[in-house]
Each structure stands twice: as C-alpha cells, then as structure tokens.
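Dear colleague,

I am handing over the structure that we talked about, and below it you will find notes on what was found. Please read them with the structure open beside you.

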Amino acid sequence: MNFHYPNGKRYVPAVKKTASQPAQKEKKWSYSNRGMTLEEDINQSNEYYLTHGIACIHKKPTPLQIVQVDYPSRSAAVIKEAYFKQASTTDYNGVYKGKYIDFEAKETQNTTSFPLKNFHEHQINHMKKVLNQRGICFVLLRFSQTNEVFLLDALYLLEFWDRMVNGGRKSIRKDEIAEKGHSIPLGFQPTIDYIKIIDYIYNL
C-alpha cells in the first residue's frame, strides 16, 4: 500500500535489518546515542504514566485520506493508496489529576534557536482555544544536537509567535527558551518526565 504526505511525497518506511546482513559492532548505551526520536521518547513516557496509573495521555492518530481501495472479495477491502492529512490540532492530549492536558512536540537540529516555522497557524489557534478553556497547554522542544528537552508553556509560545507576526525574529533564542521554559533531564523510566514539570508549574 502506498502512503503519501500532504505535499504528495511518497512515504517510505525505514528498512529493517535482516538476518543476512552483517552484524554491526555493538555501541555502548548512553542517552546521547540511543537514537530515539522525540516522539518515541514521549510515547514511552506516556506508556509508563498509563501503566502506573499516573496519567492518561495519548498521541492523536494522524488522519488519512484514502484515494484507492481494491475489493478482492465481497467481504474484504484492501487500501492501495492513501495520503496523510495535515493534522488540525496538536500531537498529544489527555487527562492528569482531573486537568485537561494538550501539547505539541517538536525538535530541531539548530543549536542556538528554535525556528517558529516548525509550528503551523492552525496549531497556534488550537492552543489559544485550549488556554481560553483553562486547559494545560504547552510544547516540548528538543535540541537534537545537544539532546536537551524543554517544556515551554503555550502562553510564552504565543508571545514569541505574535512577535514574529509583528515583524520580529522568526525563531526563539535558546536562552529565551531556557529563561521562560523548564529543562527536563532525561531519565530511564519515564524517559521524559514532563509530568514532574507540570506538577511544579501548575501546583498540581
């Protein structure tokens, strides 16, 4: 089955190693070389929260637009081609201590600033609506080169967004993120313990 991104580019899954491929020398495990994406780390953390009864937070499924379906039999349908639709809200939502949680996760290869182009206007508008309903809304930002993760309240993100809209810089300086946000040390279980930061910021 063929999947395509909203821009029409074909989605190609990562190739898994087979038994016939030569084994590579095993690398010493560390937080800096474990190769996990931000999404994988957050999903692992959410699973930890769920199984330990701490919080119920999930990644929202990516909507698909199906464009071709084959019917090899009356009782079966096979999707042959589909496109990933652009999400209209944020990546994650759920409940923690009776509070609605909603957040977006982004990462960058930059080392001194975070580009605001990583966010979309419809995501910004969604965050505004969540804040208007007194929900807890924030973004998790990772600087991939240094493997640093920050939690930045959506209120501050909106301020930086408005600055850009009004002709200001198109990125958030790393020192601004460090000042307004909160660094999250990487751990083992959970990998990214953002719930601890939520407790601290919102006095939960």
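This is a predicted model: local features need pLDDT of at least 70, side-chain atom pairs count only at pLDDT 80 or more; totals for chains, interfaces and linings use all residues.

Residues are numbered from 1 along each chain as its sequence is written, and side-chain values use heavy atoms, with hydrogens and water left out.

Helix α2 covers residues 121-132 and helix α3 covers residues 154-165, and the two pack at an angle of about 135 degrees with their axes 10 Å apart. Helices (H or I, at least four residues) and strands (E, at least two) are DSSP runs, numbered from the N terminus, and the axes are lines fitted to C-alpha atoms, for helices over the stretch in contact, with angles from 0 to 180 degrees between N-to-C directions. The two helices, α2 and α3, are therefore oblique to each other, which is the word for whatever remains once angles under 35 degrees are called roughly parallel, over 145 roughly antiparallel and 65 to 115 roughly perpendicular. On the α2 side E121, I124, M127, K128 and L131 take part, and they meet A154, L155, L157, L158 and W161 in α3, where contact means heavy atoms within 4.5 Å.

**The annotated positions**

Under "binding site", an unreviewed UniProt entry lists T89, D91, E104 and Q123. These four are spread over 35 residues of sequence, yet they cluster in space, with a largest C-alpha distance of 9.5 Å. UniProt positions are given in the numbering used here, feature names are shortened, and annotations may be inferred rather than shown by experiment.

T89 is found in the loop between β4 (76-84) and β5 (92-96), and because its relative accessible area is 23%, T89 is partly exposed (buried means under 20%, exposed over 50%, and partly exposed in between, with a 1.4 Å probe and protein chains only). Leaving aside residues up to four places away in sequence, T89 touches K60, E104, H122, Q123 and H126.

E104 lies in strand β6 (residues 99-108) and counts as buried because its relative accessibility is 2%. Not counting residues up to four places away in sequence, E104 touches several residues, among them T89, D91 and Q123.

Best wishes
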